Amino acid sequence: MEDMSTSHVHTSDSPAPVLSSEDRSARIAVTVFPLLILAAFAAAMIAPAFFKPLAPGVNWALGIIMFGMGLTLTVPDFGLIIKRPLPVFVGVAAQYLIMPLVGWALCYVFRLPDAVAVGVILVGCAPGGTASNVISYLAKADVALSVTMTSISTLLAPLMTPLLTAWLVGSRMPVDGAAMTKNILLMVLVPVLGGFVVRLVANGLVERILPVLPWISVLGICYVLLVVVSGSVEKILTSGALIIAVVVCHNLLGYLLGYLAGRVGRGSDKASRTTSIEVGMQNSALAATLAKTHFAATPETALPAAVFSVWHNLSGALLAVLFRRWRNGGRA
């Protein structure tokens with residue numbers, strides 16, 4: 001369930017005993033998505049020549065995903081910044097501190113080749129993925145806080161992602177920060193704000209199509225994955241095990257350190273679970289698209305993001321089960 005344009009499954013503190021069709025659709029998408037993305041991965045490995053021509057549409061696919069995210073946003077999501085500024089600040093700060101630095105450290109420890117290392121760092125410097133909203137719901141975490149963290153980290157991406165990438169990549173490969181900023185503005189900020197405005201002026205219509213949005217996002221992610229994998233089959237066969245090991249460590253450390261950051265920031269157990277999920281789950285579709293766009297000469301740069309897309313959906317679902325059993329510091 002990577003980067004899915006999910007709805008706000010339930011943003012109030014009151015219980016929601018009956019799931020809306022929107023919620024049910026999101027939960028089904030969460031369950032089915034790993035299977036779909038594994039199928040896309042296998043298809044690209046088996047018939048790469050068939051999917052390579054799809055490459056020019058990657059930016060459009062990401063734009064559609066982000067527009068869908070914008071459609072799920074409402075004004076109250078941003079009101080949480082005023083009502084509960086500390087957990088929002090802690091979550092967003094952790095997002096842009098923990099994952100970039102952990103990614104850089106893993107590149108050093110595993111002595112990754114430059115192209116793959118840049119891909120790992122790029123994943124770390126991406127904002128949170130919107131699939132974290134659904135995982136937060138399933139984990140009985142704070143969905144309102146999750147939506148706000150995702151929204152703020154995404155809006156900050158045009159500044160933070162290029163800045164951190166250029167800093168942490170160092171001399172490994174040249175990074176055109178200005179071009180990356182422009183690219184993120186066009187692929188992320190403009191579609192998200194556009195979707196938000198459409199939600200404001202046509203809320204009734206948008207409410208009716210919200211159950212469909214997770215599936216549109218799923219198809220968009222699969223599209224990006226097909227392109228990335230089809231262009232890197234040989235590298236996957238030779239370096240796949242190493243990349244998987246790094247991605248698993250990156251994701252799990254994000255969960256652990258995100259939770260600890262929430263506790264250090266004096267957040268409740270519920271808020272800390274939310275921070276854990278938000279930090280550990282990245283917008284790897286954005287990372288893959290940026291890698292494909294800005295490091296086209298080294299297609300393996302996009303591989304960490306592709307693997308992350310598969311892995312963190314599986315781990316996120318398992319983490320939700322764990323948190324449900326360990327609700328509020330006790331047994332469910």
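Modeller: A definition comes first: a charge sits over a ring if NZ of Lys or CZ of Arg is within 6 Å of the ring centre and within 35 degrees of the ring normal. Please note also that this is a predicted model, in which local features need pLDDT of at least 70 and side-chain atom pairs count only at pLDDT 80 or more, while totals for chains, interfaces and linings use all residues. Residues are numbered from 1 along each chain as its sequence is written, and side-chain values use heavy atoms, with hydrogens and water left out.

Colleague: Which residue lies over the face of Y108?

Modeller: That is R111, at 5.7 Å from the ring centre of Y108. A second case is R273, whose charged end sits over the ring of F323, 5.9 Å from the centre of that ring.

Colleague: Where is the place of R111?

Modeller: R111 is in the loop between helix 5 (85–109) and helix 6 (114–125). Helices here are DSSP runs of H or I with at least four residues, strands are E runs of at least two, and both are numbered from the N terminus. The phi of R111 is positive, near 50 degrees, and R111 is not a glycine.

Colleague: Is R111 buried or exposed?

Modeller: R111 counts as exposed because its relative accessibility is 66%. The classes are buried for under 20% relative accessible area, exposed for over 50% and partly exposed in between, with a 1.4 Å probe and protein chains only.

Colleague: What is the phi of K140?

Modeller: K140 has a positive phi of about 60 degrees, although K140 is not a glycine. K140 is placed in the loop between helix 7 (131–138) and helix 8, and is partly exposed at a relative accessible area of 33%.

Colleague: Let us step back. How many helices and strands does the protein chain have?

Modeller: The secondary structure comes to 15 helices and zero strands. Of the 332 residues in the protein chain, 56% are buried. Among contacts with a separation of 6 or more, 87% join residues 24 or more positions apart; a contact means heavy atoms within 4.5 Å.

Colleague: Which residues is S146 in contact with?

Modeller: Leaving aside neighbours within four places in sequence, S146 is in contact with S132, N133, S136, T274 and E278. S146 lies in helix 8 (residues 143–169) and is buried, since its relative accessible area is 0%.

Colleague: Now the aromatic rings. How many aromatic pairs are there?

Modeller: The count comes to four aromatic pairs. One of them is F50 with F51, an edge-to-face pair at 5.0 Å centre to centre and 90 degrees between the planes. The rule takes rings of Phe, Tyr and Trp (its six-membered ring) with centres within 6.5 Å, and calls planes under 30 degrees apart stacked, over 60 edge-to-face and the rest tilted. F50 counts as exposed at 63% relative accessibility, whereas F51 counts as buried at 12%.

Colleague: Why is the pair of F78 and F196 edge-to-face?

Modeller: The planes of the F78 and F196 rings stand at 75 degrees, with the centres 5.6 Å apart, so the pair is edge-to-face. This pair links distant parts of the chain, 118 residues apart, with F78 in helix 4 (residues 75–83) and F196 in helix 9 (residues 177–201). F78 is partly exposed at 24% relative accessible area, and F196 counts as buried at 16%.

Colleague: How many cavities of 30 Å³ or more does a search find?

Modeller: Two cavities are found in a search of the whole structure. A cavity is a set of points, on a 1 Å grid over the protein atoms alone, where a 1.4 Å probe fits but cannot get out, and lining residues have an atom within 4 Å of a point.

Colleague: Which residues line the second largest cavity?

Modeller: The lining is I221, V224, L225, V228, S284, A285, A288, A306 and S309. Helix 11 (213–230), helix 14 (284–294) and helix 15 (303–325) each give two or more residues to it, and helix 11 has the largest share, with four residues.

Colleague: And where is P299 found?

Modeller: P299 is in the loop between helix 14 and helix 15. Not counting residues up to four places away in sequence, P299 touches G231 and S232.

Terms used: On a 1 Å grid over the protein atoms alone, a cavity is a set of points where a 1.4 Å probe fits but cannot get out, and a pocket is an open set with protein on both sides within 12 Å along at least five of seven lines; lining residues have an atom within 4 Å of a point. Grid points are joined across faces, edges and corners, and a volume is the space filled by probe spheres set on the points.
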